[in-house]
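What follows the picture is what I looked up.

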Amino acid sequence: MKSTIALGVVAALLHGSAYVLYNIQTQLGSSSPNPVSWSIWAFIAIVNALSFRSMSRDIVSSLQFFTGSVACLCTVVYALYLGRYAWPTIYEWCIFVTGLLASVIWWRLRTATAANMIILGVFIISFIPTIEGVWNVPHREAPIPWILWTAAFGVTIVTIITRKAPRRSLITPSVLLLAHGSIAILSW
């Protein structure tokens with residue numbers, strides 16, 4: 001059991017380290033956070049962490065998500081402070097509003113699994129501006145933080161499997177592994 005706790009801690013540390021590195025890269029200008037993606041992520045990350053924790057019934061598997069919710073908010077505030085956000089396009093505003101509305105729907109449903117799946121859908125939609133940005137300009141993002149985030153989701157998947165958490169708990173980290181991994185590959 002101690003080894004599975006260690007896995008959860010490793011995932012959280014990888015996740016947090018990626019944010020520290022990303023913030024440094026943002027300061028240096030080698031990463032350009034998309035304002036719509038990052039604003040949505042900061043807004044719904046805590047809801048995701050809470051609904052994932054409730055759905056998985058396992059705090060150890062959830063450590064990465066709680067670390068990410070705090071770190072994501074810090075990244076958004078830091079990028080705002082640095083003046084690294086460009087004004088969103090109409091398309092990006094639509095994605096942002098969709099994210100906000102979906103988060104509100106979660107509060108109405110009040111079931112952890114449904115909430116987590118809604119939030120996952122919002123995460124998928126919110127990755128579109130970042131993926132499009134990196135597709136068009138690969139050096140817009142540096143790959144190392146994205147590789148670390150991808151690895152953290154991989155460790156979380158292993159944690160869920162070894163702790164015998166409900167299989168539905170594999171959906172969110174698996175999809176987020178693919179989303180983060182795609183940015184890592186495109187920026188490479």
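**Ground rules.** I'm working from a predicted model, in which local features need pLDDT of at least 70, side-chain atom pairs count only at pLDDT 80 or more, and totals for chains, interfaces and linings use all residues. Residues are numbered from 1 along each chain as its sequence is written, and side-chain values use heavy atoms, with hydrogens and water left out.

**α1 and α6.** I began with helix α1 (residues 2–28) and helix α6 (residues 143–162), whose axes come within 8 Å and cross at roughly 165°. For axes I take lines fitted to C-alpha atoms, for helices over the stretch in contact, with angles from 0 to 180 degrees between N-to-C directions. Helices are DSSP runs (H or I, at least four residues), numbered from the N terminus. The pair is therefore roughly antiparallel; that label is for angles over 145 degrees, while under 35 is roughly parallel, 65 to 115 roughly perpendicular and the rest oblique. I noted a left-handed crossing of α1 and α6, meaning the near helix is turned anticlockwise from the far one by less than a right angle (clockwise would be right-handed). The contact of α1 with α6 has 18 nonpolar, 8 polar and no charged residues. In these classes Ala, Val, Leu, Ile, Met, Phe, Trp, Tyr, Cys and Pro are nonpolar, Asp, Glu, Lys and Arg are charged, and the others, Gly among them, are polar.

**α6 and α7.** Next I followed α6 to helix α7 (residues 171–187): they pack at about 155°, axes 8 Å apart. So α6 and α7 are also roughly antiparallel, and their crossing is left-handed. Residues of α6 that meet α7 include Trp 146, Trp 149, Phe 153 and Ile 157, and among those on the α7 side are Leu 176, Leu 177, His 180 and Ile 183 (contact means heavy atoms within 4.5 Å).

**α1 and α3.** How do the axes of α1 and α3 cross? At roughly 10°, coming within 8 Å, so I logged α1 and α3 as roughly parallel. Their contact divides into 13 nonpolar, 11 polar and no charged residues.

I found 1 cavity of 30 Å³ or more. On a 1 Å grid over the protein atoms alone, a cavity is a set of points where a 1.4 Å probe fits but cannot get out, a pocket is an open set with protein on both sides within 12 Å along at least five of seven lines, and lining residues have an atom within 4 Å of a point. The largest cavity has a volume of about 210 Å³ (the space filled by probe spheres set on the points, which are joined across faces, edges and corners). Of its 18 lining residues, His 15, Tyr 19, Phe 123, Phe 153 and His 180 lie nearest the centre. α3 gives the most to this lining, with 5 residues. The class count is 12 nonpolar, 6 polar and no charged.

**The open space.** The largest pocket holds about 190 Å³. Its lining includes Pro 35, Tyr 85, Trp 87, Trp 93 and Phe 96. α2 supplies the largest share, 4 residues.

How values were computed. Helix = DSSP H or I, 4+ residues; strand = E, 2+ residues; numbered from the N terminus.
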